[in-house]
Every structure is written in structure tokens, then in C-alpha cells.
Amino acid sequence: MVAEPRGSRWWAAAAACLVLTACGEDGAHTATAAPAPTQTLGYVAADYSYGGPLTAAAGLTRITLSNSGAEEHEMMVLRVPDDVTDLDPATQLLHASFGQESAGDFVGGIHGLLPGKSASMVVDLEPGRYVIGCLIPSPSDLTSHADKGMVGVLTVT
Ligand SMILES: [Cu+2]
């Protein structure tokens, strides 16, 4: 009769110990599994353009975007296929957004960034061309920001 509660406490202590050990191992594993970006590219979104670098080195990259405009903005990052000639970035972005596979693959995006806000994303940039752009339409005329010039080509080497 006396041994039973003692046994329960021992099991409770053993279980707590196992949980702590598991947490420690899991935390260490998470820390080593996520490599740090090797560079940061900073952009400022305005109505209707981006300020920021149009060339970069390949590698894991943090991209930051700050919205200095009066409208909501985004930055989509589209890897352009190497065989695309006569690149028209706004059209390329539009075709890719409609799922046209030949237009390329999106590697990242920051969406719905309100005026005065900032956000960042991490993308793995391989050598090549990337279209950066914003397809949000202006409330006044429903024209996409890309069609108003908020689009660019980032060349990665
Ligand atoms: Cu925009």
C-alpha cells in the first residue's frame, strides 16, 4: 500500500526527465538545420517602383522590403527560364501568375505589405535572371502596379 504512491512519483519524475531530454535534443537539431543567409538585399517599395539592387551574388539571401508608398505593395520573385529571350518582365510576371509553366517558377514573395510596413523573406538564389514585381492593382484605375512600372530584373551571378 505504501509502495504504490512512491512508484507513481518515480514514474512522474522519469517522464519529466525524458521530456526535458527530448526538448534539448530537438532544439539543438533545429538550430543546426537552418543555415543562415549569406547576404541581405534591401528594397524600398514606392508608388510605383522599387529602390534596391538589381544585381546580386548567388546564395541563400534575405530580401527585405519596406513600403514607403501610399498603396499596398508586394514583391514576387520569379526565376526566368534561361531560354527566354526579349524578356518583358511585366508580361513574364503576369503569365507566371496565371500558372503558365514556361514563364518560370516563383521562388518567393512578400504579399500584402501595407504602407509603412516592412517584411523579409529568405530565398535561395541560383545564377540567372529573376523578375521582381508587384501585381496588386491600384484602386483608382485597377491597373496592376507592374504595368505602372513596378517591376524589374534582378541578375544573379
Ligand atoms: Cu505595388
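Helix H2 spans residues 89–97, and Gln-92, Leu-93 and Ala-96 in this helix are buried. Here a residue is buried if 20 or more other C-beta atoms lie within 10 Å of its own, exposed if 12 or fewer, and partly exposed in between; C-beta atoms are placed from the backbone. Seen down the axis of H2, the buried residues fall within an arc of 95°, so they line one face of the helix. The arc is that of the directions from the helix axis to the C-beta atoms. The model is predicted: local features need pLDDT of at least 70, side-chain atom pairs count only at pLDDT 80 or more, and totals for chains, interfaces and linings use all residues. Residues are numbered from 1 along each chain as its sequence is written.

The buried residues of H2 pack against strands S5 (73–80), S6 (105–113), S8 (128–133) and S9 (151–156). Helices (H or I, at least four residues) and strands (E, at least two) are DSSP runs, numbered from the N terminus. H2 lies across S5, S6, S8 and S9 and runs at about 80° to S8. Axes are lines fitted to C-alpha atoms, for helices over the stretch in contact, and angles run from 0 to 180 degrees between N-to-C directions.

An open sheet of five strands shows mixed pairing, in the order S3-S9-S8-S5-S6. Two strands pair if DSSP finds at least two bridges between them. Strand S3 (55–56) and S6 are the edge strands, each pairing on one side only. S8 and S9 run antiparallel and are joined by six bridges. Arg-129 has Thr-155, in S9, as its bridge partner.

The protein as a whole holds two helices and nine strands. From the N terminus on, the elements run α-β-β-β-β-β-α-β-β-β-β. Of the 157 residues, 24% are buried. Of the contacts with a separation of 6 or more, 65% are between residues 24 or more positions apart. Two residues are in contact if their C-beta atoms, placed from the backbone, lie within 7 Å.

Several loops carry backbone features of note. Tyr-48 lies in the loop between strand S1 (39–46) and strand S2 (49–51). A cis peptide bond joins Asp-47 and Tyr-48, with omega about 15°. Asp-86 lies in the loop between S5 and H2. Its phi is near 50°, a positive value in a residue other than glycine. Asp-86 is exposed, with 4 other C-beta atoms within 10 Å. Leu-142 lies in the loop between S8 and S9. Phi of Leu-142 is near 60°, a positive value in a residue other than glycine. Leu-142 is exposed, with 7 other C-beta atoms within 10 Å.
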